Amino acid sequence: MSGKVADRGVPAGLLETRGAVRGVDGHVTACAASRDSRRFAFATGEGDVVLAAREDFGDAAAWQVLTVHDGAILSLVPDAAPGGFLTGGDDCALRRVGADGAVTDLARGRRWIEHVASWSDGKSGVIAFAAGKQVELRDAAGTRTLKVLEHPSTVSGIVFDAKGKRIAASHYNGASLWFVHAKVDTPRRLDWKGSHTGIAIQPGGEALVTAMQENDLHGWRLSDGHNMRMSGYPAKVQSMAFSRTGKWLVTGGADSVVMWPFFGGGPMGKPPSELAGLPGVICRRVACHPVHEIVAAGFADGTILLEDAAAQRVLPVRGGGGGAVSALAFSPDGSALGFGTEDGQVGIVDLASK
């Protein structure tokens, strides 16, 4: 893969003029924004959550540091409720972090809770978490188990579709697709040999994609189960996201931002497009803007770029020279971008018009 590249000497960019950053203990494992866009949370390998309220986005000293898990936090997602978050850890616990910083136990088992997901339409919601081969679904409050879904091997990723009607899980030799409210739980098995390490579903529900251990992606067209293979990466794809319209699957795994077309019969038989990158520096994390056709890309040297695919414009957010970007997320309203790095830096950039 080759493509347009940015100058290696990326300036510091938006973080200096519109952002705030602080150091934390341990590497940053995840970043998420609350559903109401009023808060960001950052999770660490030391079990802490950094909580930042909108009024304090520009004042890193005011961000709260909460001890949430006794060990590494493996997953962090927005709660089904508007203002809080859900976390899973290697202490085998599922916890809720409220908008006020209150921490509540929701579940504790004997296996690591590595993957957590939630869905809400503002009126109802569902929470899901994976431990070993099982995915447990709970009501929005997190107190009532709706069902437990069994898989053939350890679950490596979970995702709800946009309407909350289906949940998909990746695992060894493929993925499983379930109806959340089915009276009889019969999964649709999507088979492809190998180790599948992450999962994404197209916003319109037309396709499901998994990341593979072998530096590839594999997809299924859900209308007929047709297999789709996306290969050519120099490194493992650790992050992927569909654009807001579902037309593009945006991925890391190369020294440019790779975008596969999911329209006009693609991605099979169509080459990917590439956005600007850094020569020889792997893109580790991507996030798609919820309103505009803009991509945020975080690289192995700590660089973060904002890229407008349509206009071919690149806006530096953060210069390189630090630890690899390990977490990246837009707020649902698109007004802010949060990030974390492997060397313990967390930051928020205000993207709202001024």
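Buried means under 20% relative accessible area, exposed over 50%, and partly exposed in between (1.4 Å probe, protein chains only).

Before you start: this is a predicted model, where local features need pLDDT of at least 70 and side-chain atom pairs count only at pLDDT 80 or more, while totals for chains, interfaces and linings use all residues. Residues are numbered from 1 along each chain as its sequence is written, and side-chain values use heavy atoms, with hydrogens and water left out.

**Exercise 1. Work out how Phe42 and Trp63 are arranged, and what their pair ties together.**

Step 1: Here's the rule: rings of Phe, Tyr and Trp (its six-membered ring) pair if their centres lie within 6.5 Å; planes under 30 degrees apart count as stacked, over 60 as edge-to-face and the rest as tilted. By this rule there are five aromatic pairs.

Step 2: Phe42 and Trp63 are 6.2 Å apart, centre to centre, with 20° between the planes, and the pair is stacked.

Step 3: Phe42 sits in strand E3 and Trp63 in the loop between E4 and strand E5 (64–67), so the pair ties together parts that are 21 residues apart in sequence.

Step 4: Check the burial: Phe42 is buried at 0% relative accessibility, and Trp63 is buried too, at 4%.

Step 5: Zoom out, and you'll find Phe40, Phe42, Phe57 and Trp63 in one aromatic cluster.

**Exercise 2. Classify the pair of Trp248 and Phe263, then find the charge that sits over the ring of Phe263.**

Step 1: The ring centres of Trp248 and Phe263 are 5.2 Å apart and their planes are at 80°, so this pair is edge-to-face.

Step 2: Trp248 belongs to strand E23 (residues 248–251), while Phe263 is in the loop between strand E24 (257–261) and strand E25 (273–275), 15 residues apart.

Step 3: Phe263 has 35% relative accessibility, so it counts as partly exposed.

Step 4: A charge sits over a ring if NZ of Lys or CZ of Arg is within 6 Å of the ring centre and within 35 degrees of the ring normal. The charged end of Lys247 sits over the ring of Phe263, 4.9 Å from its centre.

**Exercise 3. Describe strand E11 (residues 125–131) and its partners.**

Step 1: Seven of the seven residues of E11 are buried, so this strand is largely enclosed by the rest of the structure.

Step 2: Gly125, Ile127, Phe129 and Ala131 point one way, and Val126, Ala128 and Ala130 the other way.

Step 3: Two strands pair if DSSP finds at least two bridges between them. Strand E10 (residues 115–120) runs antiparallel to E11, with six bridges, and Ser118 stands opposite Ile127.

Step 4: E11 also pairs with strand E12 (residues 134–139), antiparallel, over six bridges. Here Phe129 stands opposite Glu136.

Methods. Helices (H or I, at least four residues) and strands (E, at least two) are DSSP runs, numbered from the N terminus.
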